[in-house]
Amino acid sequence: MDRCYIGIDLGSTTTKAVFIDNQERVLGRGITNSRSNYELACQIAREEAEINARFALLGQHLEQSKHVGKHSSSLLKWLTCYYHLAQYLRQLETLRSECLGARKHWNSPEAEAEKFTQALSYIFSEMEREVYDEFDPEKRSESDFFRDLASSAYMRLAEQVSMERGLSFGRLVGLFDGAILRTESHSFAGGYEEYLEFARTKTIQAPRFAPFADDITEAVAATISTTFNVVNTVGTGYGRLTLPFAKQQIRSEILCHGLGAHFMFPGTRTVLDIGGQDTKAIQVDKEGIVTAFQMNDRCAAGCGRYLGYIADEMNMGVHQLGPLAMKSSKTVRINSTCTVFAGAELRERLALGEAREDILAGLHRAIILRAMSLLARSGGVTNEFTFTGGVARNEAATTALKKLVIENYGDMVINIGNDSIYTGAIGAALFARRDPRGVMADLEISKLKTDPRL
Amino acid sequence: MNVQQKIQKEDSMIMQKEMIAGHFENLARATENGKKVVYTFVPGNLNELILAFDMLPVHPEVNALQSGMRKMSGDYIQEAEKFGHSEDVCAYVKCDIGMMKKGNIGPTGLPLPKPDLLLLSYTGCFTFLKWFEILKKEYDCPIVLLQVPYQAEGKITPEMRDYVTRQLEEVVVPALEKVSGKKFDRDRLKEMLALSAQAEDLLVEVWNSAKNKPSPIDAYFGGVFYIGPIFTAFRGLPECVDYYKALKAEVNYRIKNKLGPVTPEGELNDQKYRIVVEGPPSWPNFRDFWKILTDEGVVMVASTYTKVGGLFEDGFRHDPERPLESLGEYCMGCYTNHSLPARVDILEKYIKDFSADGFMIHSIKSCNSFSAGQLLIMRELEKRTGKAGVFIESDLVDPRYFSAANIKNRLESYFQMIETKRPGA
Amino acid sequence: MKVETIIKRCEDLYDDLDFNYVKDWKEKNKAGAIGFMPVYAPRELIHAAGMLPVGIMGGGDNLEIIRGDAYFQSYICRIPRSTIELGVSGRLDFLDGMLFPAICDVIRNLSGMWQIMFEGKYIKYLDMPQNFGAEGRRFYLTELAGMAKAFEKISGNKITPEALNHSFGLYNENRHLITELYDLRSQMPHKVKTAELFLLMRASNILEVGEHTKMLRDYITAISNSERPERDHVRVVVTGTFCEQPPLTLVKALENSGCFIVDDDWVLGNRYQLEPIAIGDKPIEALADAYLGETVATASRYVPGPGKGDYLVRQVRERKAEGVIFAAPSFCDPALLDRPMIQEVLARENIPYTAFKYAENTGQIQVIKEQTGTFADSIKLWGSQ
């Protein structure tokens with residue numbers, strides 16, 4: 001592969017990586033949860049992005065191959081799914097040995113401990129059995145983080161086992177909690193050749209794809225042999241200072257966000273990003289260079305965290321808030337600008353008999369009003385306006401925002417980036433490409449533990 | 001003393017430390033030496049007048065800021081809050097009250113004497129009124145108020161001047177006479193005012209030196225040391241003039257050798273950004289804050305905080321020919337006694353005169369006099385100068401309100417922005 | 001007139017953030033209107049120039065802040081935000097001038113912000129004297145004279161001694177009726193509901209003085225003849241609400257929690273002088289002397305020496321109150337710095353007290369209600385002495 005560049009956005013909840021080529025085309029994107037170890041998170045996101053780039057290449061190879069033609073997209077879906085299955089199986093194996101390893105350190109009587117060992121064996125064999133169904137390419141649509149997938153299966157089985165065999169559910173959970181952390185400290189992407197081979201084999205076994213076996217084998221081989229010539233990497237985000245980078249390879253998330261938003265929507269002049277921990281209002285020029293910005297003050301009201309707090313108060317998932325608020329017919333005014341007080345006000349409104357959806361609509365409006373203040377402080381809103389960050393995926397928030405922006409600043413183009421979670425990483429990758437100082441380094445991989453069996 | 005021959009980089013710093021330590025020693029021994037003590041505020045202080053009556057001044061804000069720098073303010077503030085003071089209010093007041101409740105040991109570890117007089121110069125800060133009402137309940141001594149009218153219309157009117165002068169003549173001087181037992185010596189005051197004016201001339205030259213590139217001074221972090229003698233117990237004394245002569249000589253030396261100011265991280269010669277600052281520092285985090293900026297290569301070329309005890313660049317000098325009138329004008333000329341539009345003008349002028357790359361507003365929870373309206377100041381400055389500012393928040397002495405990571409993040413973004421916006425970047 | 005009719009009128013005025021009464025008044029009288037912030041402003045001077053003084057006490061809990069927050073950090077109280085909101089949304093365009101009396105640094109700086117944001121309007125920072133002697137008097141006289149000149153210019157009317165004396169007469173009468181209303185509430189707190197008194201006081205910020213006096217008179221007559229059941233509440237004085245006003249819901253909640261409020265300090269400027277302003281041939285001097293002389297005590301007025309808290313203790317004794325509620329706006333330096341000093345005096349006098357903070361748009365009434373309810377119960381159980 002020709003020269004390519006990486007941008008990494010080390011956020012407080014997720015870490016994102018993006019590969020771009022010399023023509024500033026996005027090659028691949030990767031995301032992982034940030035964990036407590038930023039360095040590891042960033043390594044894994046980078047690997048995910050590389051795999052994502054390889055799959056993009058694979059898609060191109062398939063499209064260009066003699067026979068595949070119109071089948072390329074469904075074929076790619078199968079290959080991707082089996083690829084993830086292979087990786088999942090490998091992760092599951094590591095998780096199993098971590099659980100068993102932890103069990104060995106118990107001081108319990110042997111007979112008692114043995115019961116747990118057997119329970120674990122049962123749980124994991126069930127998980128492995130179920131997973132083939134989970135990763136059926138005909139049914140599967142999205143990929144989840146390993147942690148989420150494994151934990152829901154494990155918990156369900158552990159609950160069943162603990163009831164059937166009279167074992168402590170808490171102890172089983174404890175084993176899992178420790179093991180998942182240790183498992184996540186391994187990198188699994190290094191086994192990609194093996195997974196691709198697995199995916200290839202499984203796929204060509206399907207009668208419908210058997211006729212394309214040669215094309216598939218060729219495309220997979222070409223993909224595996226590709227190397228990425230990474231010439232520069234730039235890091236950004238909350239944890240950027242913990243990156244093993246030189247100072248000149250680090251950019252503030254404000255600059256990256258501005259440039260990233262400009263890349264996605266070249267007409268952008270004002271950017272609003274509402275993330276988990278902070279809110280940013282950014283003004284950019286026609287080149288995407290930041291000319292002014294404001295961030296929320298020490299008060300957390302108006303950040304994604306505020307919604308998290310409200311979700312806890314209402315005993316709901318944070319992703320359920322927006323859809324419920326959309327059902328509102330009248331917006332209850334929430335006056336408390338303080339996150340903590342908003343909880344009290346919420347309870348009081350509920351006690352007064354206000355509908356949950358109306359209160360939630362009010363809370364979403366309250367968040368957006370805070371953002372409006374930041375926007376005003378940064379210099380107002382100018383066409384085009386781009387809204388990014390986790391809260392941009394919440395329909396109630398975007399609805400409230402659009403209304404207020406238009407009321408206060410007039411009609412204009414409002415972009416809501418579906419892919420906006422990568423905005424900062426894209427900006428960072430662009431800075432990496434445009435760095436006048438030229439060639440820098442890729443990440444230092446040595447610090448990372450690889451899968452012990454690779 | 002021939003200061004020219006004695007140039008060492010930190011000479012003035014040593015001088016200053018000795019002066020201040022000496023003052024606190026004098027205060028500790030005030031009772032045994034039969035010296036009367038006046039508690040009074042820094043902005044618009046009547047130092048020469050107090051000294052002319054052979055009395056010693058104690059400045060509660062200086063004690064508070066010193067406690068902050070010595071990281072004792074957190075305990076003091078919590079002590080005051082135990083006595084019912086709200087978390088919402090000015091932490092300088094609470095720090096001072098906490099210190100008093102814990103035995104009134106001053107910043108150098110020596111006890112502070114009780115006041116013989118509370119001289120409440122109500123200049124540029126409403127909280128001063130409350131602060132001394134509180135002290136009045138603690139100390140059985142007379143209190144005298146000097147109300148200094150606010151420059152709401154952007155100027156000192158004859159009525160305002162008349163009001164302050166009359167209060168000085170008819171209220172303040174008689175109170176000082178009564179407490180000190182001494183007759184007002186107008187000639188002695190005049191001599192001191194002449195010395196004040198000399199020191200003021202020198203200080204203005206020091207501030208103006210920041211127009212050089214590289215700037216030989218840091219007008220904010222370094223600046224708070226430079227204002228020490230002139231804003232407190234020394235204005236009007238010969239040693240104050242000596243200090244500014246020494247400082248001026250050092251500055252000249254640095255200009256000649258193209259040297260930057262001395263910071264805790266060493267000499268800042270490679271100055272990447274020239275910044276104007278509005279708002280006081282955060283004392284408990286003074287060093288960390290300075291370091292964050294030094295690491296970025298930032299030099300502060302002008303600041304408003306260092307004008308809380310007088311601007312002087314506008315031409316004002318204490319005037320021996322008009323002793324009480326000029327003392328009154330001095331009180332009215334403090335930075336925080338200027339209207340918001342006037343403050344915008346001052347900052348705009350700084351940004352232009354000192355060829356700044358941008359400006360930083362350090363907004364302080366404790367001080368509404370500074371902080372209320374700063375967001376509008378920022379907006380106006382951005383509009384008028386075309387330069388973006390950076391807005392950060394913390395507190396004067398309350399360590400609970402300083403988030404280093406947050407401030408660092410914001411400042412880094414800001415300087416990277418300036419860098420990317422520079423022509424040819 | 002019926003109590004309900006009068007109170008309905010007050011509520012309409014209270015809720016109307018577009019100040020339609022003032023706009024209509026200006027139209028009908030072809031005259032100007034001058035706004036003023038808390039606590040005290042010399043309304044008589046504005047009135048004598050033929051203009052309407054309009055008390056601007058923020059936006060309350062019915063105003064959504066869309067632009068005002070952009071101007072203030074989170075640690076600044078609420079009233080300047082909502083006042084800016086009123087201003088930038090054009091709701092105060094009808095004012096021909098705005099007075100910012102010295103109360104704290106936030107309101108002082110707001111006057112400068114107003115100068116920048118509403119250039120061309122008459123904007124006056126009213127540097128109230130804190131020196132109550134001859135020097136302060138002299139200065140205040142020049143301030144009043146300056147304002148009188150400005151009002152003459154805006155209105156086109158000369159402020160004659162006759163006109164000023166006439167205004168004194170009307171405002172003296174109004175203050176007299178306010179005193180009567182407060183006395184009546186103290187005597188029959190079950191009849192004069194605190195929320196009604198609050199609304200009547202808020203109306204005094206808007207209505208032309210004669211109309212307000214008539215309203216007070218009607219209310220006093222109507223309420224004296226009304227039948228309302230006696231209730232077993234404790235008698236308390238509320239203090240700290242002199243600037244940013246508590247929302248009406250909070251005022252109601254205090255009474256519903258079991259407290260008869262027998263004195264308070266909301267809308268304090270409209271009953272600031274305790275004595276009538278002297279009518280005579282030097283009215284400007286009389287106006288100044290009334291301010292410098294015997295007035296209410298409040299945190300924005302300097303107390304030079306002992307005597308801090310005396311006024312409140314006197315209120316408690318005269319109104320036979322059993323306790324004090326300190327209700328201070330969040331981040332209000334004057335009220336909150338005063339509080340420990342006054343609490344010390346109350347403790348010495350064995351007067352029970354409780355304290356909370358609020359904002360003009362406070363959304364958590366229940367929490368406060370529980371607190372004051374418990375306070376009332378504890379007084380009932382153990383008494384105040």
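In this predicted model, the side chains of B:E133 and C:K308 pair up in a salt bridge, with N to O at 2.7 Å. That pair belongs to the interface of chain B and chain C, where the count comes to four salt bridges. By residue type, the side of chain B that touches chain C splits into 26 nonpolar, 15 polar and 15 charged.

As for extent, 56 residues of chain B are in contact with 53 residues of chain C. Between them the two chains, B and C, bury about 4700 Å², and 58% of that sits on carbon and sulfur atoms. Within chain B, the residues losing the most area to chain C are B:D88, B:F126 and B:K137, which together make up 14% of what that side buries.

Chain C also meets chain A. Here the contact takes 17 residues from chain A and 18 residues from chain C. The buried area for chain A and chain C is about 1500 Å², with 44% of it on carbon and sulfur atoms. Three residues stand out on the chain A side: A:R333, A:N335 and A:E348 supply 36% of the area that chain A buries against chain C, more than any other three residues.

One salt bridge turns up across the interface of chain A and chain C. Its partners are C:E64 and A:R365, whose closest N and O atoms are 2.4 Å apart. Eight residue pairs are in polar contact between chain A and chain C, again with both at pLDDT 80 or more. Helices α11 (339-351), α12 and α13 (395-409) of chain A each bring at least two residues to the side of chain A that touches chain C. Of the chain A elements, α12(A) gives the most to that side, with five residues. The side of chain A that touches chain C divides into six nonpolar, five polar and six charged residues.

Now for a helix pair inside chain B. The axes of helix α8 (residues 186-208) and helix α9 (residues 223-231) of chain B come within 11 Å and cross at roughly 175°. Because of that crossing, α8(B) is roughly antiparallel to α9(B), the cut-off for that label being angles over 145 degrees. On the α8(B) side the contact uses B:A199, B:E200, B:L203, B:V206 and B:W207, and these meet B:G223, B:Y226, B:I227 and B:I230 in α9(B). The residues of this contact of α8(B) with α9(B) comprise seven nonpolar, one polar and one charged.

The loop between α8 and α9 of chain B holds B:P214. This proline is joined to B:K213 by a cis peptide bond, with omega about 0°.

A few backbone details elsewhere are worth a look. In chain A, the peptide bond from A:N383 to A:E384 is cis too, with omega near -10°. A:E384 lies in the loop between α12 (356-378) and β8 (385-388) of chain A. In chain C, C:K320 is not a glycine, yet has a positive phi of about 50°. C:K320 is placed in the loop between α12 (310-318) and β7 (323-329) of chain C.

How values were computed. Residues numbered from 1 in each chain as written. Chains lettered and ligands numbered in written order. Predicted model: local features only at pLDDT ≥ 70, side-chain atom pairs only at ≥ 80, totals over all residues. Heavy atoms only, no water. Axes fitted to C-alpha atoms, helices over the stretch in contact; angles between N-to-C directions. Helix = DSSP H or I, 4+ residues; strand = E, 2+ residues; numbered from the N terminus. Parallel < 35°, antiparallel > 145°, perpendicular 65-115°, else oblique. Contact = heavy atoms within 4.5 Å. Nonpolar A, V, L, I, M, F, W, Y, C, P; charged D, E, K, R; others polar. Buried area = accessible area lost by both parts, 1.4 Å probe. Polar contact = N/O pair within 3.5 Å; in protein donor to acceptor, adjacent residues only side chain to side chain.
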